[in-house]
Amino acid sequence: MQRAIPCSIMRGGTSKGLYFLAHDLPSDPDERNALLLELMGSPDARQIDGLGGAHPLTSKVAIVSKSSRDDADIEYLFIQVTVDKAQVSDAQNCGNLLAGVGPFAIEQALIPASEPYTDVRIHMLNSGANAIARVETPNGIVNYQGDATIDGVPGSASPILIEFLNISGSTCGQLFPTGNAQDVILDVPVTCIDNGMPVVLIDASIFGLQGTETPAELEANQNLKTKIEAIRLEAGKSMQLGDVSKKSVPKMTLVSPPTGAAMINTRSFIPHRVHDAIGVLGSISVASACMLKGTVAHTLMMQDFSDGNIEIVVEHPTGKFNVEMEVTGTNDINRFHIHRAALLRTARLLMRGEAMAIS
């Protein structure tokens with residue numbers, strides 16, 4: 001006998017995943033993780049016997065519940081299910097699936113809808129940080145149709161504005177976990193930063209790359225992947241993350257001069273596959289590094305910033321990401337402070353019903 005578990009499949013930003021109410025899953029983490037591996041069809045490169053899409057960006061889970069906190073309406077736990085290994089990680093946030101949390105919570109009656117939009121205050125359990133998602137709800141119903149577009153997603157949809165709060169150092173304890181704007185790891189200059197996502201930035205030219213290589217070209221470069229993974233393992237220790245050999249953080253991001261109307265170009269390892277775009281929180285960490293003098297990113301940009309509201313345009317393999325930030329102290333790491341970060345995403349409900357489990 002198979003058993004049925006209520007589930008929705010949603011696209012959030014440039015990712016896709018399974019969305020569950022917390023009370024529909026086992027409370028024991030080990031039992032829950034075993035169930036999620038089964039439902040996704042992992043470990044299997046095709047995830048042929050599950051609901052996963054055979055790629056890290058489509059092997060994701062959002063677990064949602066009502067919050068009892070004064071500063072939040074909803075609690076959101078992100079789970080990354082590895083495609084070809086029996087590994088499950090809650091070591092990071094996912095800002096893309098976050099875009100679907102507000103609509104899902106309203107659809108599931110965890111929060112009442114208002115008109116013409118509903119602001120959903122979300123507590124991200126992975127890091128303890130908060131975000132506010134503004135969802136269009138005309139007549140009290142979630143609207144998925146609109147003119148907003150984001151690179152990496154075909155067509156258009158209703159805009160979801162996400163404002164991130166208190167995400168600086170949310171995983172590593174401080175914005176620059178090593179205390180430096182730039183370090184040298186295994187003879188390679190790097191910038192280690194955590195503004196919602198632990199990221200290690202490296203100038204692509206260090207490896208003889210232009211920075212315009214496709215994800216497929218980078219994934220086929222085994223020598224490059226070996227070098228980047230060695231740096232990642234060392235950076236994890238320096239970033240207070242410990243042994244990261246089985247963790248999905250930190251993300252490794254190659255940076256280079258932009259090819260179009262952007263400020264910096266990126267290629268992100270997540271960590272063992274190359275992102276077809278760039279993660280939401282990863283883009284915020286990259287944008288944050290751009291603004292502080294002395295970082296690997298800032299050196300490439302050759303542009304100084306003044307205090308105030310700044311929009312950083314981050315290029316990635318399938319387009320660009322616009323990150324709006326309010327900052328002060330851009331010339332001094334000891335005074336550098338990010339007051340606000342916001343960006344636009346879209347989401348769509350693809351299916352709701354029941355996921356079937358055998359165990």
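This is a predicted model: local features need pLDDT of at least 70, side-chain atom pairs count only at pLDDT 80 or more; totals for chains, interfaces and linings use all residues.
**Aromatic pairs**

A search of the whole structure finds two aromatic pairs. Their geometry is set out below.

| Pair | Centre to centre | Angle between planes | Class |
|---|---|---|---|
| Tyrosine 19 and phenylalanine 104 | 5.6 Å | 45° | tilted |
| Phenylalanine 176 and phenylalanine 336 | 6.3 Å | 50° | tilted |

Take the pair of tyrosine 19 and phenylalanine 104. Tyrosine 19 sits in strand S2, residues 15-21. Phenylalanine 104 belongs to helix H2, residues 95-107.

Now the pair of phenylalanine 176 and phenylalanine 336. Its planes stand at 50°, so the pair counts as tilted. Where do the two residues lie? Phenylalanine 176 is in the loop between strand S8 (160-165) and strand S9 (183-185). Phenylalanine 336 is in the loop between strand S15 (319-328) and strand S16 (337-345). The pair therefore ties together parts that are 160 residues apart in sequence. Phenylalanine 176 is buried, and phenylalanine 336 is buried too.

**Helix H5**

Helix H5 covers residues 280-291 and has twelve residues. From its first C-alpha to its last, H5 reaches 17 Å. That is close to the 16 Å expected at 1.5 Å a residue.

Among the buried residues are Val280, Leu281, Ile284, Cys290 and Met291. Gly282, Ser283 and Ser285 are also buried.

Definitions and conventions:
Residues are numbered from 1 along each chain as its sequence is written. Side-chain values use heavy atoms; hydrogens and water are left out. Rings of Phe, Tyr and Trp (its six-membered ring) pair if their centres lie within 6.5 Å; planes under 30 degrees apart count as stacked, over 60 as edge-to-face and the rest as tilted. Helices (H or I, at least four residues) and strands (E, at least two) are DSSP runs, numbered from the N terminus. Buried means under 20% relative accessible area, exposed over 50%, partly exposed in between (1.4 Å probe, protein chains only). The expected span of a helix is 1.5 Å times one less than its number of residues.
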